[in-house]
Amino acid sequence: MELKTSYASDNYPIIVKHHAINSLERYIKNEEQRFFIIDKQVYNLFVDKLEALAQKFDAKCIVIPSGETSKSFEHYHRTIEYLLSHQLTRQTCIVAIGGGATGDFAGFIAATLLRGVSFVQVPTTILAHDSSVGGKVGINSEHGKNLIGAFYRPKAVIYDLGFLETLPYSEILSGYAEVYKHALLNGEKSTKNIESNFTSNKVLQALKNLDYYLFEGIKTKLNIVVEDEKEKGKRKFLNLGHTFGHAIEYEHKIPHGHAVMIGILYQFIVANHLFETNYNIQHYINYMKKLKYPLSIIKQLHFEDTYHFMLLDKKNDYNGIQMVLLKNLGKPVVTHVDKDTLLSAFEELQSYFK
């Protein structure tokens with residue numbers, strides 16, 4: 001399966017299949033120097049395969065910490081100085097091999113190294129089906145997640161489905177949140193379809209029909225980012241669940257997708273308060289419990305602390321917090337939400353877990 005962006009120029013392919021890694025050669029063979037930036041956990045799992053690949057392309061491997069800890073000034077500084085010590089030219093290519101955090105970090109390295117060198121995304125998680133497409137790259141600040149970054153397109157996204165077979169269930173859960181988010185954005189039919197396919201944690205862990213839903217998720221995102229690359233309008237819809245989700249992810253250091261799923265739940269409650277929608281909150285709680293999302297952290301949240309981090313969200317403006325809310329399934333809007341409404345929805349959310 002292959003998709004391609006349709007910008008006016010500088011388009012890139014998204015290759016989704018088993019053994020997709022065999023496509024890497026065509027995108028990096030003409031570069032003078034090649035560096036693989038690899039998630040530590042991925043490196044440990046596939047060390048022989050990755051070292052053989054690096055040897056084939058005369059590439060140097062840079063192994064970085066797994067997850068969001070890599071997206072810091074400390075690791076950025078260390079990595080960029082190491083790269084610059086190799087007397088680079090702009091005919092250098094960075095290959096990001098790992099999950100969403102690795103792609104964000106390596107992409108930001110590529111965007112800022114010599115004012116921009118080429119890079120290729122090789123996502124290895126379900127979550128990265130979302131983050132590897134669309135050209136957002138960056139690192140974190142002490143003030144919040146992804147507040148330092150750029151829009152920088154990869155040369156290609158090579159999504160080898162073989163990497164997914166080793167994922168622990170926590171990573172599957174985290175990635176599924178973004179797949180589910182895309183279904184919600186597509187509407188009621190898509191939502192019912194995905195819920196009826198992934199009916200329990202055992203079914204999800206078996207990755208039943210995952211290829212189809214990953215491809216549908218990528219198509220959904222691609223249709224939006226091609227129309228609105230720099231997030232001036234429709235691309236904001238992709239932040240469904242992220243305003244609240246990013247806040248608790250950054251504050252409590254839980255996996256991204258776990259936080260986003262809680263954020264999705266919260267936005268249903270906010271939508272009920274603002275739009276007089278009639279979402280059955282218990283239905284979504286029950287569904288998340290069937291998949292074994294760790295929702296107990298909701299009891300530990302404190303509104304003022306979470307609200308502080310929500311105020312740092314990139315969608316906000318001088319009028320206050322903006323959230324992506326579903327007026328109906330498939331009908332997202334970006335709207336301001338006042339503090340009283342946020343507090344009332346927060347208290348209702350916690351009431352389900354007393």
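Before starting, I note that contact means heavy atoms within 4.5 Å. Helices (H or I, at least four residues) and strands (E, at least two) are DSSP runs, numbered from the N terminus. This is a predicted model, where local features need pLDDT of at least 70, side-chain atom pairs count only at pLDDT 80 or more, and totals for chains, interfaces and linings use all residues. Residues are numbered from 1 along each chain as its sequence is written, and side-chain values use heavy atoms, with hydrogens and water left out.

Entry one: helix α14.
I looked up residues 303-310 and found F303, T306, Y307 and M310 buried (under 20% relative accessible area; exposed is over 50%, partly exposed in between, with a 1.4 Å probe and protein chains only). They sit on the same side of α14 because they cover an arc of only 105 degrees around the axis, taken from the directions from the helix axis to the C-beta atoms. The buried residues pack against α11, α12, β10 and α15.

Entry two: salt bridges.
I count a side-chain nitrogen of Lys or Arg within 4 Å of a carboxyl oxygen of Asp or Glu. The structure has 17 of them.
Where does K339 find E304? They meet in a salt bridge at 3.2 Å, N to O. K339 is in α15 and E304 in α14, so the pair ties together parts 35 residues apart in sequence. K339 is partly exposed at 34%, and E304 is partly exposed at 46%.
I also checked D313 and K315, whose closest N and O atoms are 2.7 Å apart. D313 is buried at 13%, and K315 is buried at 4%.
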